[in-house]
Amino acid sequence: MDPRTEINSLLQEGAPVLFGALSPLGQRVYFPPDVPAQSAEARGKALNGTIGQITDGRGGAVPLPVLAAGLSGLSAEDLSRALLYSPVEGIPEVRQRWRAWQRRGVAADLPSSLPLVTGGLTHSLSILADLFGGEGRAVAIPRPFWGNYRQVFATRTGAEVKTAPAYVEGRYNTVAIAEALHGLPAGEPAVAILNLPSNPGGYSLTVAERGEVRQCLLDVAAVRPLVVICDDAYAGLVFEPGIPRESLFWDLIGAHPNLVPVKVDGGTKEFSFFGGRVGFLTFACAPESGVARALESKMKTLVRSTVGSPVATSQVLLLQALRAPGVEEQVEAVRALLEERYRALKKALAEVDPGLLTVLPSNSGCFALVEIPEKLGLTGEQVRRHLLEHHDTGLISVDPRYLRIAHCSVDAAALPELVRRMEQAVRELA
Ligand SMILES: Cc1ncc(COP(=O)(O)O)c(C=O)c1O
C-alpha cells in the first residue's frame with residue numbers, strides 16, 4: 001500500500017467522521033519519507049550523515065559564542081537542542097510535559113493525543129483550516145469573535161463563516177452554533193469554533209451554560225459531522241468562583257460519534273510567552289493509536305511545507321518552565337495580577353451610565369466588551385477614533401457597535417480613568 005493510502009485508511013477505519021470532514025488538501029497530505037523522516041530513523045546512530053544541520057560530529061550544536069551567551073542559563077544539552085532543528089512534530093519532552101500540563105485534573109480514561117507543536121495558536125488554527133476548511137465549508141462562530149478566524153478560514157481557504165449572536169438580551173447565547181448553521185443541508189459537515197474564555201468577550205461558561213452548549217453541539221452532531229475547535233488561548237484565566245476553568249474539550253470527548261473535538265492551546269497567554277510562538281494541537285485519541293499516527297502524519301506535512309519545523313529555541317525555553325516545580329504558582333501569580341485589573345474594571349463599569357454604554361457579561365480572560373446603544377446612532381469605530389484623537393486613549397472597535405477593552409494591558413489604577421474617558425467620548429459624540 002502506498003503511504004498516502006495507508007494513512008488515509010487508518011482514518012477511514014479509526015475515525016470515519018473525521019476523515020469525511022477533511023478538505024481535499026486534508027485528504028492529500030501525508031508525511032513523505034524524505035529528509036526529516038529518514039533523519040528521524042537515524043537518530044542516535046554512531047554515524048549520522050542524514051541532515052543538513054551543522055553539528056560537532058556527535059549530534060551536538062556548534063554554537064556561535066554570542067548566541068550561546070544569550071542562552072547562558074541553559075544546560076549544555078538544552079543549549080544544543082535550542083540551536084538545532086526541532087523534530088517536525090516538536091521536541092518529545094515538550095510534547096509530553098505539555099500533555100501533562102493540559103491534563104491536570106482530567107480523568108485518566110479520557111483519550112488525548114500527544115500535542116503537536118506549532119508556531120503559535122494562529123498556526124494551529126491555520127493547520128486546522130487546511131485540514132477541515134476549504135471552498136464552501138461552513139464554519140460556525142458566535143459573534144463577535146476574534147477577527148483573525150475570518151482570515152484563517154475564509155480568506156485563506158474559501159470556507160464560509162456563519163455566525164449568530166454570542167449574547168442575547170445580555171446573556172450568553174448557548175445555542176449560537178446551532179443558529180449559525182441553521183439552513184445548512186443535513187449531513188453536510190461543518191466546523192464550529194468555541195473560544196472560552198473568549199476574545200473579545202472575556203466570557204467563560206457557567207456550569208449550567210456548559211451543559212447547554214454541550215447539548216447544542218450534540219443536537220447539531222445528530223444531523224451532521226461536526227468538528228469542534230476549542231480555542232483555549234486564555235485557558236485558566238478565570239476570575240469568578242464557580243466558573244469552571246477546564247477546557248470544554250474534555251467534556252466533548254466521546255460525547256457523540258459525529259462530534260470531533262480538537263484542542264488549540266499554547267504558551268502565548270497561558271505562560272505569558274507571547275513572543276515565543278509555541279502553540280499546540282491536540283485531538284481526542286490515544287497517543288499511540290493509528291488515528292493519532294495518521295493525523296500526525298498530515299499535520300506534520302502542513303508544518304513542514306510551510307515553516308519547515310517549529311522553533312526549537314522557544315520550545316526549550318518553555319521546557320524550562322514546564323520542568324520547574326514552582327511553575328503553577330508563577331502562572332497563578334499572572335492570573336492574580338489580571339484578576340486585580342478585571343475587578344478594577346468591573347467596578348468602574350458598574351457605574352457607567354447605561355444610556356451611554358451597555359456592559360456585556362465578563363468573568364475571565366484578557367478583555368471586557370461594551371456596546372454603544374443603537375439609539376445613539378454611533379459606531380464603535382467612531383468612538384474609537386474620537387478616543388484616539390481627543391482623549392489620548394486606544395481601544396479596539398468591533399463591528400458594529402462594540403468596544404473591546406484589553407484590561408490585561410492597563411494598570412488597575414488607570415482603569416477607572418479609562419472608563420471615564422470612554423463614557424465622556426460617547427457623551428460628546430451622542
Ligand atoms: C482567541 C484567540 N485565539 C488565538 C490567538 C492567537 O494566538 P497566538 O498569538 O499564539 O497566535 C489569539 C491571540 O490574540 C486569540 O485571542
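View 1. The centres of domain 1 and domain 2, taken over C-alpha atoms, are 29 Å apart. Domain 1 is made of residues 3-31 + 88-323, and domain 2 of residues 328-429; these bounds come from an automatic or database domain assignment. Domain 1 gives 22 residues to the contact and domain 2 gives 19, where two residues are in contact if their C-beta atoms, placed from the backbone, lie within 7 Å. On the side of domain 1 that touches domain 2, twelve residues are nonpolar, eight polar and two charged. Here Ala, Val, Leu, Ile, Met, Phe, Trp, Tyr, Cys and Pro count as nonpolar, Asp, Glu, Lys and Arg as charged, and the others, Gly among them, as polar.

**A note before the next views.** This is a predicted model, in which local features need pLDDT of at least 70 and side-chain atom pairs count only at pLDDT 80 or more, while totals for chains, interfaces and linings use all residues. Residues are numbered from 1 along each chain as its sequence is written.

**View 2. The shell around the ligand.** Which residues surround the ligand? They are Gly-120, Leu-121, Thr-122, Trp-146, Asn-195, Asn-199, Asp-231, Ala-233, Gly-266, Thr-268 and Gly-279. A residue is near a molecule or strand if its C-beta atom, placed from the backbone, lies within 6 Å of it. Sorted by class, this shell holds three nonpolar, seven polar and one charged residues.

**View 3. Helix H8, a covered helix.** Helices (H or I, at least four residues) and strands (E, at least two) are DSSP runs, numbered from the N terminus. Twelve of the twelve residues of H8 are buried, meaning that 20 or more other C-beta atoms lie within 10 Å of a residue's own; exposed means 12 or fewer, partly exposed is in between, and C-beta atoms are placed from the backbone. Among the buried residues of H8 are Leu-121, Thr-122, His-123 and Phe-132. Just after H8, Gly-134 takes a positive phi of about 105 degrees.

**View 4. Gly-136, out in a loop.** Follow the chain to Gly-136, in the loop between helix H8 (121-132) and strand E2 (138-143). Is Gly-136 buried or exposed? Gly-136 is exposed, because 10 other C-beta atoms lie within 10 Å. Leaving aside neighbours within four places in sequence, Gly-136 is in contact with Gly-158 and Glu-160.

View 5. In helix H7 (residues 92-102), the buried residues are Val-94, Arg-95, Trp-98, Trp-101 and Gln-102. They cover an arc of only 125 degrees around the axis, so they sit on the same side of H7; the arc is that of the directions from the helix axis to the C-beta atoms. Pro-92 and Ala-100, on the other side of H7, are exposed. The cover over the buried residues includes strand E1 (116-118), strand E8 (259-266), strand E9 (279-283) and helix H15 (312-323).

**View 6. Helix H18 and its packing partners.** Leu-415, Leu-418, Val-419, Met-422, Ala-425 and Val-426 are the buried residues to look for in H18. They are on the same side of H18, because their arc around the axis is only 120 degrees. Their packing partners are helix H16 (327-350), helix H17 (380-391) and strand E13 (402-406). The 15 residues of H18 (residues 415-429) should span 21 Å at 1.5 Å a residue, which agrees with the 21 Å between its end C-alpha atoms.

**View 7. Two cis peptide bonds.** Arg-143 and Pro-144 are joined by a cis peptide bond with omega of about 5 degrees. Pro-144 is in the loop between E2 and helix H9 (148-157). Another cis peptide bond joins Asn-199 and Pro-200, with omega of about 10 degrees. Look for Pro-200 in the loop between strand E6 (190-195) and helix H11 (207-221).

View 8. Ser-272 is not a glycine, yet its phi is positive, at about 50 degrees. This residue lies in the loop between helix H13 (267-270) and E9. Ser-272 is partly exposed, because 17 other C-beta atoms lie within 10 Å. Asp-392, also not a glycine, has a positive phi of about 55 degrees. Asp-392 is exposed, with 8 other C-beta atoms within 10 Å.

Note on methods:
The expected span of a helix is 1.5 Å times one less than its number of residues.
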